[in-house]
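Trainee: Pick one part of this model and give me a close look at it, please. Then keep going into whatever connects with it.

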Amino acid sequence: MMEENKKQDGFKDEQYIVIPTEAFSTFAQHPLVRALYLTDVGFFPHALHHYRERRDGADEYILLYCTEGEGYVQVGGRIHTIRAREACCIPIHAGHKYYASQSNPWSIFWVHFKGENVNYFPLEEVPVVRVSSQAADNRIMTLFQLLFRVLRRNYTQGNFIYISQVLSLILSEIYFREKGDETGKQNRHITAIVHYMYANLGKPLSLEDLTEEFHLSKSYINAIFKKYADRSPIDFFLNIKMQEACKLLRSTNLYIFEIGRRLGYEDPYYFSRAFKKVIGISPKEYRDGE
């Protein structure tokens with residue numbers, strides 16, 4: 001990997017490990033290693049004057065994770081500011097440069113990696129990711145320290161498998177782990193709406209009814225149901241109505257039209273059509289097949 005450096009690294013308390021090619025090649029074909037593996041990893045604290053430029057890019061993806069201070073990453077003509085608890089991934093073979101702020105130099109963990117599974121992460125789609133909590137930041141730093149700890153031991157197949165899994169966890173923590181505050185709020189909203197639906201199974205609720213009851217937008221309610229239930233809120237409501245209908249058909253002697261009325265259907269034929277759409281058979285066939 002050819003590098004053009006305006007400043008050689010040499011920061012107090014730095015950590016820097018390059019995996020020798022000969023040590024790695026023996027294990028590179030193991031499916032758990034070739035899926036995702038690293039070639040270099042480092043930590044540069046308070047890295048004043050830190051600068052790297054690779055006009056032709058690198059042969060690996062480069063993940064930078066800032067723990068304090070700030071710096072700048074330029075890729076494809078765009079400059080991104082990276083601050084504490086933010087990550088940036090430089091795509092493979094993309095010309096780039098990155099450097100620390102002069103007034104508030106960053107401390108960064110970084111890792112070079114590649115592998116068969118890189119396309120499962122949005123490495124080229126999301127230029128900067130902010131980690132939402134101090135707890136998440138602590139987890140990422142702990143995972144990086146695990147990489148250093150294991151790489152200082154013997155180069156064995158087991159250790160290479162282990163560091164591949166740790167690297168996968170770092171990427172998943174950054175790109176896929178739900179953001180705690182937002183997810184908690186969404187969970188509270190969808191839980192409250194579902195409880196409201198169960199309490200109103202006998203009513204023909206609409207999306208407008210839900211927006212008025214919870215003072216939330218239609219688009220937001222649709223989005224959280226799509227995310228957590230993989231269906232629209234009204235489809236979800238229809239399904240729990242039909243689940244209740246199944247329970248009543250099995251556990252009571254109520255007429256089918258009476259069950260329909262309990263669930264807000266005045267027209268028994270409309271109820272039967274809705275039931276068959278969800279369950280796949282008519283209410284009578286469901287009861288007779290008991």
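Mentor: Let's take the open sheet, which has six strands in the order β2-β3-β10-β5-β8-β11, with antiparallel pairing. At its edges stand β2 (15-18) and β11, each with a single partner strand, so each has one side left without a neighbour in the sheet. From one strand to the next, the twist averages 15° (axes are lines fitted to C-alpha atoms, and angles run from 0 to 180 degrees between N-to-C directions). Strands are DSSP E runs of at least two residues, helices H or I runs of at least four, numbered from the N terminus, and two strands pair if DSSP finds at least two bridges between them.

Before going on, keep in mind that this is a predicted model: local features need pLDDT of at least 70 and side-chain atom pairs pLDDT 80 or more, while totals for chains, interfaces and linings use all residues. Numbering starts from 1 along each chain as its sequence is written, and side-chain values use heavy atoms, with hydrogens and water left out.

The largest share, four residues, comes from β3. This pocket holds about 160 Å³ of space, and of its 11 lining residues, I19, T21, T39, D40 and E60 are the closest to its centre. By class, that lining divides into six nonpolar, two polar and three charged residues. (A pocket here is an open set of 1 Å grid points where a 1.4 Å probe fits, with protein on both sides within 12 Å along at least five of seven lines, and lining residues have an atom within 4 Å of a point; the volume is the space filled by probe spheres set on the points. Ala, Val, Leu, Ile, Met, Phe, Trp, Tyr, Cys and Pro count as nonpolar, Asp, Glu, Lys and Arg as charged, the rest as polar.)

For contrast, here's the largest pocket, with a volume of about 270 Å³. Its lining has 13 residues, with I234, L238, K241, Y265 and Y270 nearest the centre. The lining has nine nonpolar, one polar and three charged residues.

Back at the sheet, have a look at the loop between β10 and β11. E116 makes a salt bridge with R34 (2.9 Å, N to O), a Lys or Arg side-chain nitrogen within 4 Å of an Asp or Glu carboxyl oxygen being the rule. E116 sits in the loop between β10 (107-114) and β11 (128-130), R34 in helix α2 (residues 31-34), so the pair ties together distant parts of the chain, 82 residues apart. R34 is partly exposed at 28% relative accessibility (under 20% is buried, over 50% exposed, with a 1.4 Å probe and protein chains only).

There are 10 salt bridges by this rule. Another one of them joins E53 and R55, with the closest N and O atoms 3.5 Å apart; E53 is buried at 15%, whereas R55 is exposed at 55%.
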